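Subject: Structure handover

Hello,

Here is the structure I promised you. My notes on it follow below.

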Amino acid sequence: MLMNMKEILAVAKENRFAIPAFNISDWSMFLGIMDLCEETDSPVIIEIHPDELSFTGPDIVTGIRERALKSPVPVCIHLDHCSDFGTIIYAIQSGFTSVMFDGAHLPFEENIAGAKKVVEAAHPVNVSVEAELGTIGSTNPADLEGGSAKIIYTDPDDAAKFVKESGVDTLAIAIGTCHGLYPAGMKPELKLDILKAIEAKVDVPLVLHGGSNNPDKEIGESVTLGINKINISSDIKVAYFEKMREVLQDKGLREPNEIEPPCIEAMKVVAKHKLDLFQTTGKAPLYRA
């Protein structure tokens with residue numbers, strides 16, 4: 001069941017749950033996530049960053065689309081953080097059903113203009129658009145998803161103006177998360193009061209970036225308060241690649257069917273926890289009603 005972001009999140013918003021956007025870096029990760037979501041009857045957003053896309057190539061999107069079209073669960077294929085208009089057009093032509101214009105680093109009016117330009121290109125071909133307002137923190141200076149050393153919280157009035165003037169379908173907001181895993185001694189804290197104020201003024205689904213490694217209690221509460229999409233990258237990649245390092249200690253292994261399955265299973269444990277925490281598990285029947 002292939003959908004764009006507007007379609008898949010409309011149901012999540014109406015029924016007060018969030019859908020994880022899992023960043024996948026290769027075909028094996030994709031298969032594990034899809035198998036899990038079909039096993040649990042859960043909608044899912046498959047997310048690919050431009051750097052990941054440069055590694056996988058666009059043909060992976062064709063394969064994802066084929067699986068999604070045959071799947072009993074809703075699937076959205078989303079391009080993560082991208083500020084380059086040409087890359088966004090390339091992604092649309094490659095078969096993504098949703099794209100993100102990341103202009104958070106730009107002055108407010110330029111961010112609106114950039115997002116509006118993407119909307120004007122994407123909407124006629126039924127591709128939805130996400131944008132970001134405010135800055136997500138970063139725990140890693142080399143973070144491919146951007147982020148800032150200092151979090152600039154999203155202003156609720158600015159959020160309302162941004163959505164109205166740009167026409168975006170969903171908005172990523174900054175309420176205290178960071179990309180990556182938090183180092184020892186760093187205590188993340190979500191500003192849920194800001195989330196409440198934004199949700200009261202904005203009628204599109206809201207997105208939380210930097211959803212890995214935050215306390216479950218805060219993330220769970222953000223879902224009840226109006227977050228409908230949460231990006232998950234670091235958590236599943238750590239589980240996947242740490243297990244791979246462990247498996248590869250056996251120098252005699254060389255076949256994918258010996259190496260990959262335990263890595264996929266380790267990733268699925270983490271992903272299943274996110275589905276449960278976001279109240280996504282078992283929600284696919286809402287799309288088949």
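Where is the place of His-105? His-105 sits in the loop between strand S5 (98-101) and helix H6 (108-122). Keep in mind that this is a predicted model. With a relative accessibility of 57%, His-105 counts as exposed, because the cut-off for that class is over 50%. Glu-132 is 27 residues away from His-105 in sequence. In space, the two are 9.3 Å apart, C-alpha to C-alpha.

Next, a helix pair. Helix H7 (residues 156-166) packs with helix H8 (residues 192-201) at an angle of about 35 degrees. Their axes are 8 Å apart. The crossing of H7 past H8 is right-handed. On the H7 side, the contact is made by Pro-156, Asp-157, Ala-159 and Ala-160. On the H8 side, Ala-197, Ile-198 and Lys-201 make it. By type, the residues of this contact are 5 nonpolar, no polar and 2 charged.

Now the charged pairs. Side chains of opposite charge can pair when their charged atoms come close. How many salt bridges does a search of the whole structure find? The search finds 15. Three of them are described here.

Arg-16 and Glu-199 form one, with their closest N and O atoms 3.6 Å apart. Arg-16 lies in the loop between helix H1 (5-15) and strand S2 (19-23), while Glu-199 lies in helix H8, so this pair ties together parts that are 183 residues apart in sequence. Both ends are partly exposed: Arg-16 has a relative accessible area of 36%, and Glu-199 has 23%.

Glu-246 forms a salt bridge with Lys-243. Here the closest N and O atoms are 3.2 Å apart. The two residues are 3 apart in helix H10 (residues 234-247), so about one helical turn separates them. Lys-243 is partly exposed, with a relative accessible area of 24%.

Asp-276 pairs with Lys-272 in another salt bridge, the closest N and O atoms being 2.7 Å apart. Both lie in helix H11 (residues 256-277). They are 4 residues apart, about one turn of the helix. Asp-276 is partly exposed at 38% relative accessibility. Lys-272 is also partly exposed, with a relative accessible area of 30%.

One more item on these bridges.

Best wishes

Notes. Residues are numbered from 1 along each chain as its sequence is written. This is a predicted model: local features need pLDDT of at least 70, side-chain atom pairs count only at pLDDT 80 or more; totals for chains, interfaces and linings use all residues. Side-chain values use heavy atoms; hydrogens and water are left out. Axes are lines fitted to C-alpha atoms, for helices over the stretch in contact, and angles run from 0 to 180 degrees between N-to-C directions. A crossing is left-handed if the near helix is turned anticlockwise from the far one by less than a right angle, and right-handed if clockwise. Contact means heavy atoms within 4.5 Å. Ala, Val, Leu, Ile, Met, Phe, Trp, Tyr, Cys and Pro count as nonpolar, Asp, Glu, Lys and Arg as charged, and the others, Gly among them, as polar. Buried means under 20% relative accessible area, exposed over 50%, partly exposed in between (1.4 Å probe, protein chains only). A salt bridge is a side-chain nitrogen of Lys or Arg within 4 Å of a carboxyl oxygen of Asp or Glu.
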